[in-house]
Amino acid sequence: MEERGQVWVDADACPVTIKEILFRAAARSRCMVTLLANHAMTVPPSPYLSFVQVPSGFDVADNEILKRLGDCDLVVTQDIPLAAEVVEKGALAISPRGEPYNAETIRARLAVRNFMTELRDSGVTTGGPPALDNSDKQRFANALDRWLSRRARSAAPD
């Protein structure tokens with residue numbers, strides 16, 4: 001049976017340490033990882049890694065990910081509206097902190113995001129998320145490993 005699923009990375013805001021975890025996982029699992037961004041970036045030479053530079057513009061990278069997305073794929077993003085569309089299409093999405101986006105949680109995440117946007121738009125300083133720490137990196141690596149394990153099981157012959 002052919003292997004199924006690949007990883008799409010909303011790479012513009014993806015932390016370097018998360019990209020490094022993805023690069024190692026791609027080599028280890030032989031899973032295709034494609035990074036999409038509107039600015040140039042380099043990826044290590046590997047048959048399992050690719051980079052797509054998209055034009056600058058609102059949601060251009062998001063739209064390209066959605067256009068290429070398969071139902072067995074995984075998307076790594078911290079963009080809540082993109083994650084909502086991924087979930088709506090039946091694929092899986094996780095944040096760079098390893099937090100899964102799913103049908104049960106995405107509405108609440110969108111509501112919080114919209115509320116924070118309203119606060120910022122009204123002049124309230126909300127600050128950003130805390131810096132990525134070791135537990136975030138480990139949670140991401142564990143979530144990625146779980147997805148890769150399910151992917152490998154689904155590709156195994158009966």
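Modeller: Setting aside the residues within four places of it in sequence, Val-7 is in contact with Leu-22, Cys-31, Met-32, Val-33, Thr-34, Leu-74, Val-76, Leu-144 and Trp-147, where contact means heavy atoms within 4.5 Å. This is a predicted model, in which local features need pLDDT of at least 70 and side-chain atom pairs count only at pLDDT 80 or more, while totals for chains, interfaces and linings use all residues. Residues are numbered from 1 along each chain as its sequence is written, and side-chain values use heavy atoms, with hydrogens and water left out.

Buried means under 20% relative accessible area, exposed means over 50%, and partly exposed lies in between (1.4 Å probe, protein chains only). Helices (H or I, at least four residues) and strands (E, at least two) are DSSP runs, numbered from the N terminus.

The strands come next. Six of them form an open sheet in the order β3-β2-β1-β4-β5-β6, with mixed pairing; two strands pair if DSSP finds at least two bridges between them. At the edges are β3 (49–53) and β6 (100–101), each of which pairs on one side only. β1 pairs with β2 in the parallel sense over four bridges, and Trp-8 has Thr-34 in β2 as its bridge partner. β1 also pairs with β4 in the parallel sense, over three bridges, with Val-9 opposite Val-76 in β4.

In β2, five of the five residues are buried. Val-33, Leu-35 and Ala-37 are on one side, Thr-34 and Leu-36 on the other, and both faces are covered.

Gln-6 lies in the segment before β1 (7–10). Gln-6 counts as buried because its relative accessible area is 18%. The side chains of Gln-6 and Thr-34 are joined by a polar contact of 3.5 Å. A polar contact is a pair of N or O atoms within 3.5 Å; within protein, one must be able to donate a hydrogen and the other to accept it, and residues adjacent in sequence count only if both atoms are side-chain atoms. Beyond four places in sequence, the residues that Gln-6 touches include Cys-31, Met-32, Cys-72 and Trp-147.

Helix α1 covers residues 16–29, and its 14 residues should span 20 Å at 1.5 Å a residue. The expected span is 1.5 Å times one less than the number of residues. The end C-alpha atoms are 20 Å apart, which agrees. Ile-18, Lys-19, Ile-21, Leu-22, Phe-23, Ala-25, Ala-26 and Ser-29 are buried in α1. An α-helix has 3.6 residues a turn, so residues three or four places apart point the same way.

After α1 comes Arg-30, in the loop between α1 and β2. The phi of Arg-30 is near 60°, a positive value in a residue other than glycine. Most residues other than glycine have a negative phi. Arg-30 counts as exposed because its relative accessibility is 55%.

Helix α2 lies across β1, β2, β3 and β4 and runs at about 170° to β1. Axes are lines fitted to C-alpha atoms, for helices over the stretch in contact, and angles run from 0 to 180 degrees between N-to-C directions. Asp-62 is in α2 (residues 60–68), and is buried, with a relative accessible area of 8%. Leaving out residues up to four places away in sequence, Asp-62 touches Asp-10, Asp-79 and Leu-82. Asp-62 and Asp-79 are 17 residues apart in sequence, and their C-alpha atoms are 8.7 Å apart in space. At the start of α3, a side-chain oxygen of Asp-79 comes within 2.9 Å of the backbone nitrogen of Leu-82.
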